[in-house]
Structures are given as C-alpha cells and as structure tokens.
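Here is a short briefing to read alongside the sequence and the model. Please keep both open as you go.

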Amino acid sequence: MNYRVLFIISFLILAMGLSGLFFMFPDENQSAPAQNQTAGEQPAAKRQTAVLLAQTTRSVPQGALLQAGDYAFNELSVDSDDPRLKFDLKPLFENTDNYSLQGYLVKQPLQAGSFLSANLLLSPQHPDYLFSSLDPKREVPYRIYIKYADRYIFDSLKNGVVVSISSQQAMNDEKRTERNTLIRLIDNAVVLQTKIYTQDEQLLDKDRNIFGYVTVKLDAEQMKKLYSLPKDANLIVLPNNEPPQGATNHRGIYVRKLRGQ
C-alpha cells in the first residue's frame with residue numbers, strides 16, 4: 001500500500017470524526033431560544049369558585065330536624081376541579097341572604113364532620129316534608145291558627161324548634177271574677193312549619209282575624225289534651241323554656257272544672 005492510499009484513508013477518518021463532533025454540539029445560538037421558551041412556560045392558573053359549605057358538628061340520625069348547633073357554615077374559594085364543589089349550598093339560598101338549615105330534615109345518618117348537600121336534606125317547603133317528619137304509627141301534624149293580636153309568636157319560631165302549647169281562656173277565680181288564664185298543656189312539641197298569611201289570605205279569613213298558623217308534631221296523648229279544651233280556648237305557642245307565669249298553678253283548677261268539681 002503506497003502513501004497516497006494511506007493519506008486518503010486518513011483524510012476520510014478525520015472527516016468523519018469532525019462531522020460527528022459537529023452534530024453532537026449543535027449551534028448554541030439555535031438552542032438558546034428554545035431553552036428560554038421552555039423556562040418561560042408556566043402551568044395555567046385554575047379558575048377559583050366561591051362555595052358555601054356546611055359540616056355537621058356532631059352525629060345526626062336519619063329523620064332528625066336540624067338545629068342551629070348541629071352544623072357550621074364555611075364560605076371559601078376552591079379550584080374548579082375541587083371535589084367539594086358538589087357540596088356547595090349557595091344554590092339552596094340563591095333567593096335569600098339568610099343562610100340557615102334550621103328545621104331541614106336529614107335523609108340519612110351523618111357522622112360528625114360530614115358535609116351537607118341538597119341531596120341529603122329535605123326542605124320544609126318540600127311536598128314530602130310533613131310525611132317524612134312523622135312516625136305514621138303514632139304522630140300527626142296539628143295546625144294551630146294564630147290570631148292577629150298574637151302575631152308576635154312568629155318572631156321567635158323557626159322550623160324544627162321545640163315549643164310549649166298553652167291555652168288562653170276565661171276562668172272564674174274564687175271571688176267569681178272572670179279573667180283570662182294561660183294554662184300550659186304540652187311541654188314538648190316540634191314545629192314543622194310556620195305560615196304567615198298574605199294580605200289577601202287575611203281578608204279571606206277576616207271573620208276569625210287569623211294572621212297565620214303553626215304546624216306542630218303531636219302524638220295521641222298530646223292530641224287528647226287539645227280536644228278536651230272548651231271551644232273558646234285560644235292556643236298560644238311559646239318557646240320551650242320556663243312555664244308561663246301561673247300556668248302550673250292553674251292547671252289543676254282547669255282539670256277539676258272539666259270534671260265538674
């Protein structure tokens with residue numbers, strides 16, 4: 001093999017090596033923009049949504065009517081893919097600024113810390129609310145009509161609260177003096193619904209001067225006490241705290257009068 005052939009072979013080897021080095025290290029000027037573009041890219045920010053959440057503060061059995069202490073509200077903003085979005089209660093209160101679940105019926109047992117949702121609750125305005133709130137074997141809904149003079153009663157009543165029921169009626173004392181007496185009849189009655197009449201409804205019932213009504217849940221024994229009242233007795237619904245002044249003392253007198261003693 002002569003020197004010319006060896007020179008050609010050496011030149012080819014050198015050329016291949018240089019070409020390999022060229023492709024291994026691309027132009028820095030071309031790669032720099034690509035690196036800068038990658039460094040500048042950031043993930044798109046997720047859309048935030050305001051939600052109103054409510055969690056139980058203690059265990060609540062199925063069929064119970066929620067009280068104010070059974071739950072707590074929390075209003076916050078969450079990501080658009082947050083699983084808590086399905087528990088948002090804002091649509092439930094879209095026509096009111098008063099956030100309250102007082103008196104709502106719980107459809108299933110709930111542990112403390114459970115999120116409440118519209119699917120788990122039954123509103124007092126729902127057609128099935130009354131039936132679902134009762135034990136059909138021993139309880140009935142009883143409607144107590146409230147006269148215009150006693151309209152203050154609605155200021156302290158909400159669905160689900162426990163109330164007492166008293167009878168306001170005329171009685172004669174030992175001196176044969178007639179006076180109005182308030183006799184407490186029932187201590188623990190649950191309010192299922194309250195209704196204040198519109199002006200048109202009040203005009204339709206103007207002869208009785210009715211302002212609205214309160215629907216309570218009663219059992220058979222409680223119903224007996226109401227059906228034994230005189231026709232002129234006026235029922236008064238009050239928060240269940242201390243008995244009205246004089247109510248306990250006059251109860252025995254009233255019972256004796258019913259018996260003709």
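The points below cover salt bridges, one serine and its surroundings, and aromatic rings.

This is a predicted model, in which local features need pLDDT of at least 70 and side-chain atom pairs count only at pLDDT 80 or more, while totals for chains, interfaces and linings use all residues. Residues are numbered from 1 along each chain as its sequence is written, and side-chain values use heavy atoms, with hydrogens and water left out.

**Salt bridges**

- Searching the whole structure turns up eight salt bridges (a side-chain nitrogen of Lys or Arg within 4 Å of a carboxyl oxygen of Asp or Glu).
- One of them joins Asp-70 to Arg-58, with the closest N and O atoms 2.7 Å apart.
- Both partners sit in the loop between β1 (48–56) and β2 (71–79), so this bridge ties together parts that are twelve residues apart in sequence; helices (H or I, at least four residues) and strands (E, at least two) are DSSP runs, numbered from the N terminus.
- Asp-70 is buried at 8% relative accessibility, whereas Arg-58 is partly exposed at 43% (buried is under 20% relative accessible area, exposed over 50%, partly exposed in between, with a 1.4 Å probe and protein chains only).
- Arg-184 bridges to Asp-187, the closest N and O atoms being 2.9 Å apart; here Arg-184 is buried at 5% and Asp-187 is partly exposed at 36%.
- Glu-221 and Lys-224 form another bridge, at 3.4 Å between the closest N and O atoms.
- These two residues both belong to helix α5 (residues 220–227) and are three residues apart, about one turn of the helix.
- Glu-221 is exposed, with a relative accessible area of 52%, and Lys-224 is exposed as well, at 53%.

**Ser-114 and its surroundings**

- Look for Ser-114 in the loop between β3 (105–106) and β4 (121–122).
- A polar atom of the Ser-114 side chain lies 2.7 Å from the backbone oxygen of Gln-111.
- Apart from neighbours within four places in sequence, Ser-114 is in contact with Ala-54, Gln-55 and Thr-56 (contact means heavy atoms within 4.5 Å).
- Ser-59 is 55 residues from Ser-114 in sequence, and their C-alpha atoms are 8.6 Å apart.

**Aromatic rings**

- The whole structure holds nine aromatic pairs (rings of Phe, Tyr and Trp, the last by its six-membered ring, with centres within 6.5 Å; planes under 30 degrees apart are stacked, over 60 edge-to-face and the rest tilted).
- Phe-73 and Tyr-99 make a tilted pair, because their ring centres are 6.2 Å apart and their planes meet at 55 degrees.
- Phe-73 lies in strand β2 and Tyr-99 in the loop between β2 and β3, so the pair ties together parts that are 26 residues apart in sequence.
- Phe-73 is partly exposed at 29%, and Tyr-99 is partly exposed at 32%.
- Tyr-148 and Phe-211 pair edge-to-face, with 5.5 Å from centre to centre and 75 degrees between the planes.
- This pair links distant parts of the chain, 63 residues apart: Tyr-148 is in the loop between β5 (139–147) and β6 (162–172), and Phe-211 is in strand β8 (residues 210–219).
- Tyr-148 is partly exposed at 35%, while Phe-211 is buried at 13%.
- Tyr-71, Phe-73, Phe-93 and Tyr-99 form one aromatic cluster.

**Charges over rings**

- The charged end of Arg-143 sits over the ring of Tyr-213, 3.9 Å from its centre (NZ of Lys or CZ of Arg within 6 Å of the ring centre and within 35 degrees of the ring normal).
- Arg-208 likewise has its charged end over the ring of Tyr-145, 4.6 Å from the ring centre.

Note on methods:
A polar contact is a pair of N or O atoms within 3.5 Å; within protein, one must be able to donate a hydrogen and the other to accept it, and residues adjacent in sequence count only if both atoms are side-chain atoms.
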